[in-house]
Amino acid sequence: MTKKNEAELPKTTEGFSFSNFYQGTKEELEKVVWPSRKQLVSESAAVLLMVTLSASLIYLVDGFFGWAAKQVF
């Protein structure tokens, strides 16, 4: 048995309909669970920390290989 897709809008033969697009967008945005300020801040801090750590690791590895290449050549 197949389930009906909730996000499915009625098909029109006219092509693009701005009103259907707007209605569908509004319905989908009402389903979004927005994060709290505390959750947003903590997850943003985690992302910034991981990006900083990754960039630092790449910088150190690049420096090491640059140094090793100078020693060899």
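This tour moves through the structure selection by selection, from the whole chain to individual side chains.

The model is predicted: local features need pLDDT of at least 70, side-chain atom pairs count only at pLDDT 80 or more, and totals for chains, interfaces and linings use all residues. Residues are numbered from 1 along each chain as its sequence is written, and side-chain values use heavy atoms, with hydrogens and water left out.

**The whole chain**

Begin with the protein chain in a cartoon view, which shows two helices and zero strands. Helices (H or I, at least four residues) and strands (E, at least two) are DSSP runs, numbered from the N terminus. Accessible areas come from the Shrake-Rupley method with a 1.4 Å probe, and for residues only the protein chains shown count as cover. Of the 73 residues in the chain, 3% are buried. Buried means under 20% relative accessible area, exposed means over 50%, and partly exposed lies in between (1.4 Å probe, protein chains only).

Select residues 18–31, which form helix 1, and display K31 and E28. The two residues lie three apart, about one turn of the helix. K31 forms a salt bridge with E28, the closest N and O atoms being 3.3 Å apart. A salt bridge is a side-chain nitrogen of Lys or Arg within 4 Å of a carboxyl oxygen of Asp or Glu, and by this rule the count comes to one. K31 is partly exposed at 44% relative accessible area, and E28 is partly exposed at 37%.

**Aromatic pairs**

Rings of Phe, Tyr and Trp (its six-membered ring) pair if their centres lie within 6.5 Å; planes under 30 degrees apart count as stacked, over 60 as edge-to-face and the rest as tilted. The count by this rule comes to three aromatic pairs. Select F16 and F21: their ring centres are 5.9 Å apart and their planes stand at 45°, so the pair is tilted. F16 is exposed, with a relative accessible area of 64%, whereas F21 is partly exposed at 47%. Move on to F64 and F65, an edge-to-face pair with 5.5 Å from centre to centre and 65° between the planes. F64 is partly exposed at 47%, and F65 is exposed at 53%.

**Helix 2 and the annotated span**

Now select residues 37–72, helix 2, where V61 has its place. Within the chain, an unreviewed UniProt entry lists residues 46–69 as "transmembrane region". UniProt positions are given in the numbering used here, feature names are shortened, and annotations may be inferred rather than shown by experiment. The span 46–69 is 100% helix and 0% strand, and its end C-alpha atoms lie 34 Å apart.

Centre the view on S54, also in helix 2. A polar atom of the S54 side chain lies 2.9 Å from the backbone oxygen of M50. S54 is partly exposed, with a relative accessible area of 38%.

**The nonpolar patch**

Finish with L57, V61, F64, F65 and W67, which form a nonpolar patch on the surface with about 560 Å² of accessible area together. Patches are made of residues with over 30% relative accessible area and no salt bridge; like charges are joined within 9 Å, and nonpolar side chains (Val, Leu, Ile, Met, Phe, Trp, Tyr) within 5 Å. V61 is partly exposed, at 38%.

Conventions. A polar contact is a pair of N or O atoms within 3.5 Å; within protein, one must be able to donate a hydrogen and the other to accept it, and residues adjacent in sequence count only if both atoms are side-chain atoms.
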